[in-house]
Each structure stands twice: as C-alpha cells, then as structure tokens.
Amino acid sequence: MKRKTLWLFAFLSLTLLFVACGEEEEEEEPVDPIDRCDAEDLRAFAEGSISVDEETTTFEVSGADSAPGRISANEIRIQLGSAVPPGGEEAEPVIMRIYDPNSPLNFATHLSELTESGPLELDVIDASEVPAGSQDLTSLDQFDCSIDDDATVCVQVGFDSAGDGILFDDDELVYNAIGGTVTIDGFDPNPPTFSAHFDVQLGRNVLTFGDDSTGHFEGCLRPRYQPDQDYWTLN
C-alpha cells in the first residue's frame, strides 16, 4: 500500500511539472514586432539587422515616452530610439523616413484622408542606387515612388551620428530600403495618435562608396501628433 502511495505521488508531481512547463512556454511566446506598440504601450518600436562584410549587427530600439519627429510636405520622419550602430561603441538615435516626393503639400492631411476607410498598405521601392554625381546622397527626391500613382513609398533608416535630428550627408550610416511594405493604419483624434507598421529590407549605406550592406527592419509607430500649419509634430 505504501509503494502505491509513493507511485501515485510521483505521478501527480510529474503531471504538475509538465502542466507548469506548458504554461511557462505559452507565457514566453514573443510578441510580433508590428504589435509591440500596442502590447507594450510604446510610441515606436523596431528590431532589425544590418550585415556588412559578412558581419551582422542586430538591434532593437523603442520609444516608450516619446518618438520625436514630424510629418511634413513629403515625408514622415521619426526617431525610433537609440542603438549602437555597426562598428560603433556608443548608442546613437535611429531615424526612419517614409517619403513620397510627389505628395501634396500637406502630407498628414492627405494620409488621414486616404485612411478614412481603412489602413493604407504601401509597397517600398528599391532606392539603393543613388544617381551618379548627386550632391545630396541622402536625398530621396530622385526616386520614382508615389502613393497616389501606384501606392509606393521610399524608406530610409539611419543613425543620426551628427545629433541634429535628421539624416544628412554629415552622418555616417544611412541605409535606403530596397523593398518591403509600410502600412499606414490611420489617425486617432482621441488622444491624437498616428499609427503605422512596417516590414522592410534595407540596402546599401548610401554614404559609403562601394558599400554592399543588406538588412531587415520591422516594427510599428504610434506617436502622438500635433497639427501645425506647415507640418504635424510627432512625439
């Protein structure tokens, strides 16, 4: 009788252990990057990787309290957080640009109108080949992307090494995307929140001649917005 009791105790212990392990595995299931803003109440989130000369750097950035930027005449520019760049030692601001050189003057108003009936999914074009002789290597004006004509946008991701809140030729690492999608989810007036998510493939660093880097970048945006006359401030 005593042996039967011991066997029963062992059986119940193993059963409880398996149940506990199963519950623990379910709790640790990772949240998809495009859902992290909602799941963790973030203003911005992105995870990705950049490969240069067979070396890969992975990074994860987020903005919990703010994601400064603006929606201006042709672009959405937003600081997603900070990360250590490839080959770097200290974290630098990571900035993302979603760009349409052919957009109307008030880009924010135009996007809000286009998303009144639902999310707007946009294809990202290949903007990796900067025209020879370009004076502004980080410019996206020369690429043929158009939300109105064919539902396409240009995307750029870079590290703001100059610390001036923009991506320009005085930075060191600025990557133009070569494909993927950006989905503009819309604008919520209460509280005033702009939402989007993205999954893009990164091409070369346009500031380094002969660079053959590649990468992947996905995440979400949910900053607050403040309408102004010429642009909408993001935070």
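A polar contact is a pair of N or O atoms within 3.5 Å; within protein, one must be able to donate a hydrogen and the other to accept it, and residues adjacent in sequence count only if both atoms are side-chain atoms. By this criterion, a polar atom of the Asp-171 side chain lies 3.2 Å from the backbone nitrogen of Ser-161 and 2.9 Å from that of Phe-168.

The model is predicted: local features need pLDDT of at least 70, side-chain atom pairs count only at pLDDT 80 or more, and totals for chains, interfaces and linings use all residues. Residues are numbered from 1 along each chain as its sequence is written, and side-chain values use heavy atoms, with hydrogens and water left out.

Asp-171 is buried (under 20% relative accessible area, with a 1.4 Å probe and protein chains only). Beyond its neighbours within four places in sequence, the contacts of Asp-171 (heavy atoms within 4.5 Å) include Phe-159, Ile-166 and Leu-207.

The structure also holds two disulfides, each defined as a pair of cysteine sulfur atoms within 2.5 Å.

| Disulfide | S to S distance | S-S torsion |
|---|---|---|
| Cys-37 and Cys-220 | 2.2 Å | about 100° |
| Cys-145 and Cys-154 | 2.3 Å | -110° |

The link of Cys-37 and Cys-220 is right-handed, whereas that of Cys-145 and Cys-154 is left-handed. Both Cys-37 and Cys-220 are buried, as are Cys-145 and Cys-154. With bonded cysteines counted along the chain, the disulfides follow the pattern 1-4, 2-3.

Key: Buried < 20%, exposed > 50% of the residue type's maximum accessible area, 1.4 Å probe, protein only. Lys, Arg positive; Asp, Glu negative; His and termini not counted. Salt bridge = Lys/Arg side-chain N within 4 Å of Asp/Glu carboxyl O.
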